[in-house]
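The sequence and the structure are shown first, and the description follows.

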Amino acid sequence: MSPPDPEELTQSLKSLASEEKFFLCGAAPAIRPPHYDFFCQWLDRGLAGSMEYLPKRRAAYAHPRGVLDHARSVLMLGASYYTAEDQEASAEHDPAFGVQSPEQVSSPQPRTGAGRIARYAWAIDDYHDWIHSRLKRLMAHVQLRWPEVNLRGVVDTAPLLERDFARLAGLGWVGKNTMLINKRAGSYFFLAALILDAELQYDLPHESDHCGSCTRCLTACPTQAFPEPGVLDARRCISYLTIEHRGPVPIELRSGLGSWWFGCDVCQDVCPWNRHADPRNSAVDTAGLQSVVDLLELTALDDVAFRQRFRHTPMWRSKRTGAIRNAAYVLGNQKDAASVPALERLLCHETDAVLRGAAAWALGEIGGQQAYSALARQHPLESDPEVIGEIEQAMARLNHSSF
C-alpha cells in the first residue's frame with residue numbers, strides 16, 4: 001500500500017481540525033526539539049521544583065519517537081479558552097483584567113472571601129477530556145481513510161515539548177513569560193498534538209519574536225518567578241505553588257499568592273498581545289464558567305464532598321489538601337476577621353498537618369484577639385513539630401503588633 005499523499009492528508013486534517021474548533025493548526029517534522037538542550041539545562045538547575053515526572057522522562061523528550069515509534073510528523077493544534085464571558089467575570093472580580101500596568105496587576109483585590117481561578121480552569125469540564133474527545137475524532141478520521149497510518153493524540157501529559165513544535169509549525173513564538181504567543185490570539189489557548197508516522201505538508205516555522213523590549217510579564221510577576229527572560233523558576237511560580245507543589249508553600253512566597261487560589265494569569269493579563277484575543281475562536285462551553293471560589297465554603301469540605309465537587313474539573317489536580325491549604329493562605333492575605341472562625345476550626349480539628357499549619361499562618365496574618373486566642377489555645381495541644389513552629393511564628397508576629 002502506498003503512503004498517503006502528504007498534502008491530501010494535511011489538508012484533510014486541517015479542515016477537520018477547524019470543524020473541531022482548533023482555531024490554530026500547523027504541521028512540523030518530527031525532529032529533535034530545538035530547545036531540548038535548554039530544557040535539560042533547566043532541569044539540571046532544579047527549576048522544575050518537585051515535578052519529578054519531568055526529569056524521569058528526560059530522554060523521551062529528545063524526540064517525538066519517545067511518544068510514538070517511527071514518528072515522522074507532528075500536527076500542532078490550538079484551542080482557545082478566551083470567551084466574552086471571561087471579560088465580564090473578570091470585570092466583576094478582577095479589576096486587573098485588561099490593565100497593562102504591572103503595579104495594578106500584581107495586587108488584584110477580588111471580593112473578600114473569594115479565591116481567584118486561572119482562566120484555563122474556569123470551565124466546568126476538565127480541558128483534557130474535551131480536547132481528547134476532539135483528538136479522537138481526528139484520529140478516527142485518519143484511521144478510516146488511511147488505516148496504515150499510526151498516530152497518537154496528546155494534551156500536555158506526554159513527553160513532548162509542545163511549544164517547540166508549535167513554533168516549528170508556525171503557530172507563534174515563545175514569549176519572555178515562556179508562553180506561546182500568537183499575533184492574532186495572544187496566549188489564551190491550549191496546545192494539543194497529533195503525532196503521526198506519516199509525512200505531512202509542513203508549515204514554515206515562526207522565526208520572529210514580537211516581544212521587543214517589553215518586560216511587563218517579568219516585572220508584574222508577584223513572586224518574581226522569572227530570573228531572566230524566557231526562564232521560569234517553577235519553584236516561585238504561583239501556578240506551580242497552588243497546583244503542583246505538595247506540602248507547605250515557603251513562607252516568604254505566601255503573601256505573593258495574593259488572592260490566587262488555583263493557578264495564576266498575571267503574566268498573561270499584562271501581555272499586550274492578549275488584547276487581540278477573539279472570543280469567537282473559543283472552544284470552551286461557556287455554561288457555568290467560574291472565575292472565583294468561595295474560600296470559607298471550601299474550608300468545610302471533607303474528602304467526599306471535595307471529590308464530588310471537583311473530581312472532573314482541573315481543580316482536582318491540587319487535591320483536597322492543596323485546595324484548602326491555598327484557601328487558608330488567601331484568607332490570610334485578605335486579612336478579614338470574618339475568616340477567623342473557619343481558620344480556627346481548621347487549626348483545631350483538621351487531621352492534616354499541612355492544613356493546620358496553613359491555618360496557623362493565616363491567623364497570624366489576620367491578627368486580632370480572637371486569632372491570637374485560637375493560636376494560644378492550640379499551641380499546647382499540637383503534636384506536629386512543623387505546625388508548632390507555624391503557631392509560634394504566628395504568635396510572635398502578633399506579639400509585635402497591636403490588636
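## A buried loop residue

Thr178 is located in the loop that joins strand E5 (173-174) to strand E6 (180-181). The model discussed here is a predicted one. Thr178 counts as buried because its relative accessibility is 13%, under the limit of 20%. Apart from neighbours within four places in sequence, the contacts of Thr178 are Arg163, Phe226, Gly230, Val231 and Leu232.

Strand E1 (residues 24-29) is mostly covered, with 5 of its 6 residues buried. E1 pairs with strand E2 (residues 73-80) in the antiparallel sense, over 6 bridges. Within this pairing, Pro29 has Ser73 of E2 as its bridge partner.

E2 is also mostly covered, and here 8 of 8 residues are buried. Both faces of E2 are covered: one side carries the buried residues Ser73, Leu75, Leu77 and Ala79, and the other carries Val74, Met76, Gly78 and Ser80, likewise buried. In E7, the residue opposite Leu77 is Ala192.

## Helix H6

Helix H6 (residues 127-145) consists of 19 residues. From its first C-alpha to its last, H6 reaches 28 Å, which is close to the 27 Å expected at 1.5 Å a residue. The buried residues of H6 are Tyr127, His128, Trp130, Ile131, Arg134, Leu135, Leu138, Met139 and Val142. These buried residues pack against helix H1 (6-19), E2, strand E4 (151-154) and strand E7 (189-196).

## The open sheet E8-E3-E9

Strands of a sheet pair through backbone hydrogen bonds, in either a parallel or an antiparallel sense. An open sheet of 3 strands is present in the order E8-E3-E9, and its pairing is mixed. Strand E8 (260-262) and strand E9 (292-294) are at the edges with a single partner strand each, so one side of each has no neighbour in the sheet. From one strand to the next, the twist averages 45 degrees.

Strand E3 (residues 114-117) pairs with E8 in the parallel sense over 2 bridges. The bridge partner of Arg116 in E8 is Trp260. Helix H14 (residues 319-334) lies across E3 and E8, and runs at about 170 degrees to E8.

## Nonpolar cores

The largest nonpolar core has 75 residues, of which Trp42, Trp261, Leu343 and Leu375 touch the most other members. Helix H16 (residues 353-366) gives the most to this core, contributing 8 residues. Another core, of 34 residues, lies apart from it and includes Ala79, Tyr82, Met139 and Phe190.

Which residues is Leu375 in contact with, leaving aside its neighbours within four places in sequence? They are Leu347, Ala360, Leu363, Gly364, Ile391, Ala394, Met395 and Leu398.

## Salt bridges

Across the whole structure, a search finds 21 salt bridges.

| Lys14 | Asp203 | 2.9 Å |

The salt bridge of Lys14 with Asp203 links distant parts of the chain, 189 residues apart: Lys14 belongs to helix H1, and Asp203 to the loop between E7 and helix H8 (216-220). Asp203 counts as partly exposed because its relative accessibility is 26%.

Asp44 is exposed, at a relative accessible area of 57%, while Arg58 is partly exposed, at 24%.

Notes
Residues are numbered from 1 along each chain as its sequence is written. This is a predicted model: local features need pLDDT of at least 70, side-chain atom pairs count only at pLDDT 80 or more; totals for chains, interfaces and linings use all residues. Side-chain values use heavy atoms; hydrogens and water are left out. Buried means under 20% relative accessible area, exposed over 50%, partly exposed in between (1.4 Å probe, protein chains only). Helices (H or I, at least four residues) and strands (E, at least two) are DSSP runs, numbered from the N terminus. Two strands pair if DSSP finds at least two bridges between them. Contact means heavy atoms within 4.5 Å. A nonpolar core is a set of buried Ala, Val, Leu, Ile, Met, Phe, Trp, Tyr and Cys residues joined through side-chain atoms within 4.5 Å. Axes are lines fitted to C-alpha atoms, for helices over the stretch in contact, and angles run from 0 to 180 degrees between N-to-C directions. The expected span of a helix is 1.5 Å times one less than its number of residues. A salt bridge is a side-chain nitrogen of Lys or Arg within 4 Å of a carboxyl oxygen of Asp or Glu.
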